[in-house]
Structure formats: C-alpha cells, structure tokens
Protein chains: 2
Amino acid sequence: MFKEQRVRKFTEKVFLAIGCPKKDAKLAADVLVSADLRGVDSHGVARLAGYVRLFDHGRLNPNPQIRIIHETPSTAVIDGDKGLGLVVAPFSMNIAIKKAKKVGSGWISVQNSNHFGIAGYHALFAPKNDMIGWAMTNAAPLVVPTFSKEKLLGTNPIAVAIPAGKYEPFVADFATTAVAYGKLEILQRKGLPAPHGWVQDANGDITDDSNAVKNGGGLLPLGGDREHGSHKGYGLGAVVDIFSGVLSGANFGPWVPPFATAGFHGVVEEVGKGTGHFLGAMRIDGFRPKEDFKNDMDKWIERFSAAKAVDGQKVWIPGEPEREITAERLKNGIPLIEKVIEDLNVLGERFKIKL
Amino acid sequence: MFKEQRVRKFTEKVFLAIGCPKKDAKLAADVLVSADLRGVDSHGVARLAGYVRLFDHGRLNPNPQIRIIHETPSTAVIDGDKGLGLVVAPFSMNIAIKKAKKVGSGWISVQNSNHFGIAGYHALFAPKNDMIGWAMTNAAPLVVPTFSKEKLLGTNPIAVAIPAGKYEPFVADFATTAVAYGKLEILQRKGLPAPHGWVQDANGDITDDSNAVKNGGGLLPLGGDREHGSHKGYGLGAVVDIFSGVLSGANFGPWVPPFATAGFHGVVEEVGKGTGHFLGAMRIDGFRPKEDFKNDMDKWIERFSAAKAVDGQKVWIPGEPEREITAERLKNGIPLIEKVIEDLNVLGERFKIKL
C-alpha cells in the first residue's frame, strides 16, 4: 500500500523532471492520483511511464502554449500544442465554464492534445460552479464497430457530472465499450479467460480469449453484439470520436495516435492534429433556479438509492462506488501492482527521485 | 401495404379532429409517418390511438401555448402547455437553432410535454442548418437500474444528428436499453421467448420470458448485466432523465407519466409537470470552417463504410439502415399489422374519416 501523498509527490517530480512547469506538474499528478484513489487503476500512475515515453518520442510538449484558435460566445476550438491532456483538458474546461457564466453554456472541442486521464476528473470542475459538466475524448483504435473485423474506434469515454444539494455530485463516467481495456489486462496477467461478450477474435467471432485484442481481434462496443444493442455502443463511441476529433481538427477513427504503451504502435498516417477531446459546461440557473434543481436532484438520488435491490446488492448512484473507494484508499493507501512499482522505480532511477 | 400519403392524410385528419391547428396536425402526422418510413413501427401511426387516448383523458392540450419560461443566450426552459410532444419538440428545437445562430449553441430543456415520437426526427432539424442536433426525452418507467428490482427509468432515447458533405447526415438514435420495448411486443404477439439479456423477472433474474416486464420484471439497461456494462446504460438513461426532467421541472424517474397505451397506467403522484425533453444544436462553424468539417465527415463515413466486415455483413453508418428502409417503403408502402389497422379503423369510425 502506498500513501496517496507519497505517490502524488513522486508523480509531480517526474512531470517536473521532463520539463513541465510547477503548476502543470501538480495538476497532472492530481489527475493521475485521483484515478488511483477512485479505483480506476488503469488510468492512474500506472500510466506515468507512458507519458514519459510520449515525451521521449517527441510527441509531448511539456510546456505547451495552449490557445483558443476559433470561438463564438458559447463554443471554441482549442489547440493543445501537444501538451499533456491532463493539463489541456482542465484548461479547456475552464474556458467552457467561463463561457457558461456569460451565456449559459460553453462547449470546447480540443485538437493537438494527448491522453487526458479519467474523463470524470474534468467533468467535475462544473458542479463546483453549479454547472453540469461533460467530458469526452477519442483514443487509439481498440474497438470494432458492429459487424466490423477492423478496430476503428477507441474506448472513447464519456463523463457527465451533475451537482446535487445535500449529496455529492452524480457522476456517470464510462468507456463506450462493454468493458474497459484495463480489465482485460488484469485477466491477461492472471491467465484467465474473458467473459463472453467483451471481445471478438480476428475472424469477428465473440471469444473468451482475453488476449484476442492483441491478436487481430477487438473490444466490443457497449451492448456486445447486434442483438444486445452493440450498434448503440458503436453509435455512442462514434459520436465521441466525431465531437472530439472531427469537430476540432484532431485525428479521428483509426487514425487516432496510440498512447505510448507497449503493443499499440504502428499508426503513422495523420488526418488531423494529435488526440481530440470535447468538454462542456451548462449553468444550472440557465434553466431553473438552482435551489429548485438541487432539491429535485436530492429527491432523485434518494428515490434511486431506496430502490428495492436484488438479494445482497444495492442500487448505486453513478459516482458513489468511486467515492467509497476513495475514502478507503485515502485511509489505507493505494495498492500498486509489482509491474507498476517496477516502472516507477525505473523512472525514479532515471530522474534521481525516490518513490 | 399502405401508401405513405394515405397514412399521412388519415393521421393529419385525426389530429385535426381532436382540435389541433392545421399546421400542428400536419407536423405531428409527419413525425409519426417518418417513424413508419424508417421502420420504427412502434413509434409511428401504431401510436395514434394512444395520442387520442391522452386527449380523451384530459392529458393532452391540442392547441397549446408553448412558451419560454426562462432563458439565457444559449439555454432555455420551455413549457409545452400539455401539447403533443410531436409539436413541442420541433418548436423547442427551432429555439435551440435560433440561439445557436446567435451564440454558437442552443440547449433547451422542456417541461409539461407528452411523448415526442422518434428522437431522430427532432435532432435532424440541425444538420439542415449546418449544425449538430441532440434530442432526448424521458419516458414512463420500464427499465431497472443495475441491481434494482424496481423499474425507475424509461427507455430514455438519445439522438445525435451530424451533417456531412456529399453524404447524408450521421444519425445515432437509440433507446438506452438493450432493446426497444416494441421488439418485445412483437415477440409477445408471436408467443416467442426473448433473447437472454433483454429483460429480468420480478425477482431480478435475467429471463427469456418476453412478458416479464408486464409481470413485475423490467427492461435491462444497455449492457444487460453488470458484467457487461449495464451500469453504463443505467448511467446514460439517468443522464437523459435528469436533463429532460430535473433540469426542466418535468416529472422524472418513476414519476414520469405513462403514455396512454393499455397496460402501463397507475402512476398518479407528480413531482413536476408532464414529460420532459432535452434538445440541443451546435453550429459547426462555431468550431471549424464548415467545409473542413464536412470533408472530414465524408472521410470518416468512407473509412467506416469500407471497413472489413464479418462474413455476409457490412459496417453501417448510423442512420443508413433507416434511410434504406425509407426508400423501400416510399416505393412499396408501409406494412401495418392487423391490430394497428383495427385501431385506425376505430378512430376512422369515431371521427368519420376513411383510412
């Protein structure tokens, strides 16, 4: 178990070591550690070595000049200048919030960025301002559209964060696939098969081979197969891709560049600039008096929490499970697997930082 | 087979007969017939008798004074005055488009409305104006959140329509469930079981009983069960409910009033006004020059259409299958089942209109 502060300080120093300004290093570390605290281990410090590889490959600008390249009162495109998505996305969300303060809502499509961590982190800036927040990003192709043998979409997550009154915000934050790739990696490490409906093989047949995605297969969209609505998951992933990539002038579809993890290299052709994101903020009182809205959100949360559940289970409010894990990990520390500790130690040796 | 014009004229006359103004009757008929033309038979003239029942029960105002009750430059809440959702939603979309013309985007939450037909119809006003369109609505509870025995959400559809250059718009339009309720009704009529992963029984177990929803069970969210991402479908349906109901001051969750079809009555408590919708429009050139965007959308469509498909299948662009059915039905007519023809004939006798 690693105390949150210990992981955070280390992460911050690594970002400083590759040339990030102090403020950016702090923010980027906060995004990664927040993922670990929420139990989204695949998007936490496990990725730190990957961000450094992006830097080593010249794909990451540690000190970017992030700027608005086009705007209206409620919309903008932002150029991330090859910066860390971990920094570009909060910058962009901040612009969305400023626009929402002025005209009710703000919508930002981002080009020329990199992997932005967990979508929910960015969406959650909005509820602090009595707004509803949206965050999406496209990602390198791992997912097969319905009936496709080819991987053309990323796991393309969507997060929506909605403020309540006496309760914590509602946060839906999910990949538009049946399952996150991180869960397959865990099965791969353990040599276990995948549940039916997560992946298909190179031939387009659903398989329980947890290594299928590496061998010509692909992740299935949310829904699994056509009979269970995979065309809906495909449609949703496509919307995220178009809002993030096509609307901003970033890469889209199969051209989204891979995150610098081993095993997913090889794309060279570009149709736009870097990875794309989409962020939005809507002011609650652009619609209703915010106290009325918050009272009704509390009623919504209470009714769903009180639902009769199947034996031994409960009905969760989106965002609630992650908050429970956070409380536990703040107290007991973050569990890091051997492989991640090794990766961090390699970084530590290189940059003379002690974990 | 019924020629589209024949069904359209009849539908228009029925709406006129219950007191809708000429323009509204024409529009409402167009929404319903568009559903039939697209092959969404459950949302077409099969519902006409239901709208008349809403009128008979005093829940539908055929001549509503639809009005904006609160607004900012990019947001508004609209009161549908108990009008047909078929008319209230296009009115609201029109306001969204006007706002987008002025400030880049427009977002409308609607209270005090009724069932609005197919979401895609309303979203598609946007691409005609070089905008991206959104349409969502909440609906009476048929769907169980993950681990719930109680039905707390409607099928809560989402539509997103995106213009392209030389191709027709991309239209994702889907219920946030594994399957639309209409597909279960078809199985019920034929006495056939449901595929595993569509519904659960009163005990919360997944079942192949296509009548389960009527007997204390519920439709499963997109994803099916927790292992296959049902919490994502639940989160998505919840977002639609909150945007449509809580943000507007309409009913939400289990309190959304039933559409007047047999078998789903009984909800009396109200926490807001009528059914809620959410509509949005974003101007393409609020982000990028529209020719650049359209060229990239064409490239997106061409790449996905050209994807290597599993044997005997092809990769569809969202919206494409519905357009193929439309072409076929415009030529050969709309197939109506016996039960629907009977319902229409009853309406015909009552209002002295010949089908």
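Which residues in H1(A) meet which residues in H2(A)? To find them in this predicted model, select helix H1 (residues 4-17) of chain A together with helix H2 (residues 22-38) of chain A, which pack at an angle of about 140 degrees with their axes 8 Å apart. With angles over 145 degrees counted as roughly antiparallel, that angle makes H1(A) oblique to H2(A), and the crossing of the two helices is right-handed.

Now show side chains: from H1(A) come Glu4(A), Val7(A), Arg8(A), Thr11(A), Glu12(A), Phe15(A) and Leu16(A), and they meet Lys22(A), Asp24(A), Ala25(A), Lys26(A), Ala28(A), Ala29(A), Leu32(A), Val33(A), Asp36(A) and Leu37(A) in H2(A). Coloured by class, the residues of this contact divide into 9 nonpolar, 1 polar and 7 charged.

Next, bring both chains into view and select the contact between them, which takes 65 residues from chain B and 65 residues from chain A. On the side of chain B that touches chain A, at least two residues each are supplied by strand E2 (75-79), strand E3 (105-113), strand E5 (158-162), strand E6 (170-174), helix H7 (230-246) and helix H8 (290-305) of chain B. That side of chain B has 35 nonpolar, 20 polar and 10 charged residues.

Finally, superpose the copies: a rotation of 180 degrees with 0.0 Å of shift along its axis places chain B on chain A, with an RMSD of 0.0 Å, and that is the relation of a two-fold axis. To locate the axis, centre on Gly223(B), whose C-alpha comes closest to it of the residues of chain B, at 2.3 Å. The same surface serves both copies, since 100% of the contact residues of chain B recur in chain A.

Conventions:
Residues numbered from 1 in each chain as written. Chains lettered and ligands numbered in written order. Predicted model: local features only at pLDDT ≥ 70, side-chain atom pairs only at ≥ 80, totals over all residues. Contact = placed C-beta atoms within 7 Å. Helix = DSSP H or I, 4+ residues; strand = E, 2+ residues; numbered from the N terminus. Nonpolar A, V, L, I, M, F, W, Y, C, P; charged D, E, K, R; others polar. Axes fitted to C-alpha atoms, helices over the stretch in contact; angles between N-to-C directions. Parallel < 35°, antiparallel > 145°, perpendicular 65-115°, else oblique. Left-handed = near helix turned anticlockwise from the far one by under 90°. Least-squares fit on C-alpha atoms with pLDDT ≥ 70 in both.
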